[in-house]
Each structure stands twice: as C-alpha cells, then as structure tokens.
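Work through the exercises below with the structure open. Try each task before reading its solution.

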Amino acid sequence: MRKLTLAAAILSTTALGAPVAAEGPMLISDQPLDLTIHFHWARQQGYDESFAVEQAAREMTNIYLRDATAGKNTTDLAEAQNLLLAQGDLPDIVGGGRIKDFVNQYGPEGAFVPLNDLVREHAPHIQAFWDSHPGLMEAISSYDGNYYYIPYLPDGKFGRAWYIRQDWLDKLGLEQPQNVEEYHAVLTAFRDQDPNGNGLKDEIPFFARQWEEVIRLVTLWDGRSSGSDTYHDFYVNDDGQVVHPYAQENYRIGISNIAQWYAEGLIDPEIFTRGSSARDYLLSENLGGATHDWFASTSGYNAALAGTVEGFNFIPFLPPASVSGVRMEEHRRIPIKPDGWAISYQNDHVVETIKYFDFWFTEEGRLLSNFGVEGQTWDMVDGEPIYKPEVLNSDQAVNSQMYAVGAQLPRGYWQDYRYEWQWTSEAAREGIELYDANDLLIPDFLGVSFNQDEQTVYDKYWPSIQTYMLERQQAWILGTGNVDADWADYLATLDSMGYSQVIEVMNSAYARQYGG
Ligand code: CA
C-alpha cells in the first residue's frame, strides 16, 4: 500500500501530464531485492536504511540496501576496510570513502568484480558518462586494466581563488595587480603604507591557512607546486612525462623569489606555524591583505565582518600573470574521487547491482542523490531543482542537511553543481564567473595504479624523498639555506635517494594506464 501511495506522490509532484510514467519503470527487480552494503566514510560509519533517499530509491528500483558495515566504531577508513577483510565475508556492495586503492589492490586478486563489460552491457548511463569524459575511466583503473568501482564524481570547476583586500587597494589608490611585478608592488604597499590605518606597521601582506599555499606562489614564476588537488603531487609536463614539481628549474626560480618576498616581510612570518586559524584571525583583526583560499568560505567574510571591520571588502581577483605572462589557477576541483562503491565477488545479483548503480546516473537518480526527495527538500521550478526555503534558510549547512537524508553521500554518483550554487554567496558567484570567463585551469594529474613491483619501488624511496624535499623547501623560504647555492647538491641528493627510480615507475604505470 505504502508503495502505491508513494509512487502516486512522486507522479503528482513531478509534473502534470507526467513524463515520468512514459519513461518506463525503473524497477530493477520484480520483487524487492535485498543487497547488503558496507558503507563507511568520514562523516558516517554505516548505511542508514531509514534515509529518505533510500526509501525513495527502494520505491523506484525495488532494490533494498541492507546495512552490513564493518568497523562502525572507528572513523578510520583503512581500519574499517581491514576489519571488513578480516571478517572473511564480503557484503554485496562495498562503498564509502577512499575505496579506490583498496579495490584496485584486491580487485585483481578476485575480491571485487571488474566492471568494464558489466557497465557496457547493463549500465548505459554510466557508460555515457565515461564516453563523454575521456580519461576518467582510465584514471580509476587498476594495473590489470580493469576498473572495480563506480566513483563519486564531483561537479563544478573552481575551488580556490586569489583574494585581496579591495578596500585596502582603494584606500591606497592602487589597482588590482595584473602580474607578478604589480603583485609584489601591492604587497609592498600593504606592508609600508598602513592600509588598516592604526599607525602601526603590523599588516601581513600575504597569509594562508595552509602553508602549502605559499609554495603555490611558484606558479608566478612558471613553476608548479602540485599536479592535483593534493599538495605536493606529481604532474604531467609538456612532454607528456610524469615528473615532480620540486625537481624542476622553474621551481628553483620560484622558491628563490618566495624566499626574497619572505625576507622582505611580504609573507606571514608565521606562515609555517600559524595554521588553520590564520584566515579567521588575520581578517577579523584587520591585518591580512591577500591569500589563496576557497571561493565559498572566503567570500563569507564580507558579511561576517561587515559590522566589525569598517569597509572590509575581501574579494577574488584574477591570478597575476607569471613572468612569462601566464595566468594560472593551479587548484581546481578534482573530477573524480577515490570514493564510491564496488561489487564484491560474493554478490549473487551482479547484473541487478550494476543496473542499480546505473539508476543513480539517470536523471531521477541524480536528482535524488544530489537534492534528496522531491517535495521534501526541493521542488522542480521551471525545470530546475530548487531547494525549499526552509533548507536554504536553515541554521544547518545545506550539505549537512543532505547527508542527514542520504543525499550527497560518497556513493557512486555524479554530483550536480546546481546543488552548491544555490547556497553560494553573491560575491563568490561573481568571482567564479570572473574565473570562468578566463582560461585559467590546467589539467589535473589523476594518479596511477601501480603493479606490485612498481608499488615496492615507490614505497621504498618516495616517503623519504618527499620528507627531504619539504624540509629543504621550508629552510630555503625561511632563509636557513639558499636554493640557488644548494640546487646542484639538492638534485644530486634526490638522485641518490632514488628519485629517478620513482619517476621510472610513475611513468611505466602512467603509460600502461593512459596509453601515454
Ligand atoms: Ca597598520
């Protein structure tokens, strides 16, 4: 009975003259079919069968997910995965946070079902996604050439932006800096000309919550700080080779200049130690002048500080052009997450399961996974899913409200940026549109899957190499070493530590995975 009522409700709220009925049933099974699931991620350990989204998905598909999560008493994803393996019995579906490496290791050994053929034959919406987003299927594939999970696919392009105190620029009669020389001049003016007006030389021209953002400044000298949204990552150079940014000539030039800026007092003297409260503290105390940080949260300070810092106006501006004239926003949202879900070898309903995974890529499934249940958290208005006012105006963040009903979970799903745009502030929207109108983004390095031999080489050498790189990097910026004087020795040390062996396995894995 409940089913009929709900189906009727879905029809009536979707549209008059309903296209939903015409599109045909999405029922995957004639009878309700239970599938057990391990679902463990940072915010939730376990799959809540009472989620409104789960209830709606049951009505639509006849697939009933049954929670069988291991490690519910730990928030450690790897520990939960180990517990899952140790119990010996795998549920039908294994999903949640950071499952990529897990399934890519144990998939080829038989624990998970390869999805390539299954998707091609039974999951047309997922296959259409791969076909229209070249390179992403390769990016999640294991070393045997198969892929073993359907990922959480984020939407939206921009994450971080370059921010500056526009009111300080106005007060000093300065324009937004358009290139690295002008940026240097503006930061120098912030240091010298008392833009906060207290008579003290107390301004911190450039600051960052994450110290790694100071390394990002190497892009102003055509260096790189990372190839992805993970700090210190490898990247693919113009010759199609995987290299590490911290072994490149332009990185040396960039660090040399950043050290100079640091010595001049243009960079927060506590950049390596101030930590995550830096933005909050330096903005609310009217001390910080410029940073590189997330659009949505950074734009929130204009409203938050309107009553306490007179004239406060912290806005995104275009990345200053580098010494060679390139404007680059090195950070972007990664198009594919290591989160999602996989089918275990013990699953007796593999075809139904892949059809169920495909459901979440249909229009109905995308709306459900992104916005929750229509009529409960959102309504269709002029063909757009619009959150109800009580969702947008709630004290609780929209994403938290979504997690509570089972939407925006890291299942295998394709995020819809309209979800976030609706609660992005006007200032951030303007900034995003400014960035979007300029060609600022560069391709992400999406990682490689090592075979066992490659993994052994990487594990043997890389951790200590990276530690050494970061230790030298910090010393050079703080002035306890000189990058130009040390550079030849530094490269020689990297080589003696196994840098070229690591680069070799990175490139062999990369060539196998991407056909490079
Ligand atoms: Ca001052």
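The exercises cover helix packing, then a cavity and a pocket.

This is a predicted model, in which local features need pLDDT of at least 70 and side-chain atom pairs count only at pLDDT 80 or more, while totals for chains, interfaces and linings use all residues. Residues are numbered from 1 along each chain as its sequence is written, and side-chain values use heavy atoms, with hydrogens and water left out.

**Exercise 1.** Describe how helices H22 and H24 pack.

Step 1. Locate helix H22 at residues 452-478 and helix H24 at residues 499-514. Helices are DSSP runs of H or I with at least four residues, strands are runs of E with at least two, and both are numbered from the N terminus.

Step 2. The two axes come within 9 Å and cross at roughly 130°. Axes are lines fitted to C-alpha atoms, for helices over the stretch in contact, and angles run from 0 to 180 degrees between N-to-C directions.

Step 3. H22 and H24 are therefore oblique to each other (under 35 degrees is roughly parallel, over 145 roughly antiparallel, 65 to 115 roughly perpendicular, the rest oblique).

Step 4. List the contacts (heavy atoms within 4.5 Å). On H22 they include Tyr 458, Tyr 461 and Trp 462; on H24 they include Val 502, Val 505 and Met 506.

Step 5. Sorted by class, the residues of this contact are 11 nonpolar, two polar and two charged. Ala, Val, Leu, Ile, Met, Phe, Trp, Tyr, Cys and Pro count as nonpolar, Asp, Glu, Lys and Arg as charged, and the others, Gly among them, as polar.

**Exercise 2.** At what angle do H12 and H22 pack, and which residues make the contact?

Step 1. Helix H12 (residues 249-263) packs with H22 at about 40°, their axes being 7 Å apart.

Step 2. That angle makes H12 oblique to H22.

Step 3. H12 contributes Tyr 251, Ile 255, Ile 258, Ala 259 and Tyr 262, and H22 contributes Gln 473, Trp 476, Ile 477 and Leu 478.

Step 4. Eight of these residues are nonpolar, one is polar and none is charged.

**Exercise 3.** Which residues line the largest cavity?

Step 1. On a 1 Å grid over the protein atoms alone, a cavity is a set of points where a 1.4 Å probe fits but cannot get out; lining residues have an atom within 4 Å of a point.

Step 2. The lining is His 38, His 40, Leu 77, Ala 80, Gln 81, Gly 95, Gly 97 and Ile 99.

Step 3. H4 gives the largest share, three residues.

Step 4. By class, the lining of this cavity has three nonpolar, five polar and no charged residues.

**Exercise 4.** Which elements each supply at least two residues to the lining of the second largest pocket?

Step 1. A pocket is an open set with protein on both sides within 12 Å along at least five of seven lines.

Step 2. Strand S7 (235-236) and H24 each supply at least two lining residues.
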